[in-house]
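Please find below a short note on the structure under review. The points are numbered and may be read separately.

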Amino acid sequence: MAGELTSRHVGAVAVTVGVSVRTVWRWLAEAKATGEVDGKPARQGYALSDETWALLAASGGNVAELRRRMLAAGDDGSATVVPPLGTLHRVVALYVSSESTCRSAARAPRATGE
């Protein structure tokens with residue numbers, strides 16, 4: 001039916017916004033029920049700063065040691081938020097896996113087109 005959203009539309013929105021398809025369907029149901037669209041931004045997640053990556057390198061790549069050093073640095077009265085250890089592990093693992101994927105793609109043989 002014209003004007004109706006399809007699963008393809010919802011999937012495109014989910015990928016663009018960075019949430020699950022189920023979340024988009026839930027947003028649509030809430031908007032339909034209330035007649036209002038809530039402008040809540042999607043969760044941005046945690047990212048490491050350049051300084052934190054340098055501290056990780058100085059920690060020998062040990063994420064637990066990185067967190068201990070971040071906590072010790074916060075003891076000086078700075079307002080820095082130190083994420084849970086699991087969050088730090090996920091951020092580092094995500095970065096490392098994306099980097100290895102990029103390196104693998106760069107090494108892959110290219111089609112010559114002949």
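Which side chain meets that of Arg68 in a salt bridge? The side chain of Glu65 does so, with an N to O distance of 3.1 Å; a salt bridge here is a side-chain nitrogen of Lys or Arg within 4 Å of a carboxyl oxygen of Asp or Glu.

1. Basis of the values. This is a predicted model, in which local features need pLDDT of at least 70 and side-chain atom pairs count only at pLDDT 80 or more, while totals for chains, interfaces and linings use all residues. Residues are numbered from 1 along each chain as its sequence is written, and side-chain values use heavy atoms, with hydrogens and water left out.

2. Overall content. The protein chain has five helices and zero strands, in the order α-α-α-α-α along the sequence. Helices (H or I, at least four residues) and strands (E, at least two) are DSSP runs, numbered from the N terminus. Of the 114 residues in the protein chain, 17% are buried. The classes of accessibility are buried (under 20% relative accessible area), exposed (over 50%) and partly exposed (in between), with a 1.4 Å probe and protein chains only. Among contacts in the protein chain with a separation of 6 or more, 28% join residues 24 or more positions apart; contact means heavy atoms within 4.5 Å.

3. Within helix 4 (residues 63–74), Arg68 and Glu65 are about one helical turn apart because they are three residues apart. Arg69 and Glu65, four residues apart in helix 4, are likewise separated by about one helical turn. As to accessibility, Arg68 is partly exposed at 48%, Glu65 is partly exposed at 23%, and Arg69 is partly exposed at 33%.

4. Packing of helix 1 on helix 2. Helix 1 (residues 7–17) packs with helix 2 (residues 21–34) at an angle of about 110°, and their axes are 8 Å apart. Helix 1 is therefore roughly perpendicular to helix 2. Axes are lines fitted to C-alpha atoms, for helices over the stretch in contact, and angles run from 0 to 180 degrees between N-to-C directions; roughly perpendicular denotes 65 to 115 degrees. From helix 1, Ser7, Val10, Gly11, Val13, Ala14 and Val17 meet Val21, Val24, Trp25, Trp27 and Leu28 of helix 2. By class, this contact has nine nonpolar, two polar and no charged residues. Ala, Val, Leu, Ile, Met, Phe, Trp, Tyr, Cys and Pro count as nonpolar, Asp, Glu, Lys and Arg as charged, and the others, Gly among them, as polar.

5. The two sides of helix 1. Val10, Gly11 and Ala14 are buried in helix 1. Seen down the axis of helix 1, its buried residues fall within an arc of 100°, so they line one face of the helix; the arc is that of the directions from the helix axis to the C-beta atoms. These buried residues pack against helix 2. The face turned away from the buried side carries the exposed residues Arg8 and Thr16. After helix 1 comes Gly18, with a positive phi near 85°.

6. Surroundings of Trp27. Trp27 lies in helix 2 and is partly exposed, with a relative accessible area of 34%. Leaving aside neighbours within four places in sequence, Trp27 is in contact with Val17 and Val19. From C-alpha to C-alpha, Trp27 and Val37 are 8.1 Å apart in space, and they are 10 residues apart in sequence.

Terms used. Angles under 35 degrees count as roughly parallel, over 145 as roughly antiparallel, 65 to 115 as roughly perpendicular and the rest as oblique.
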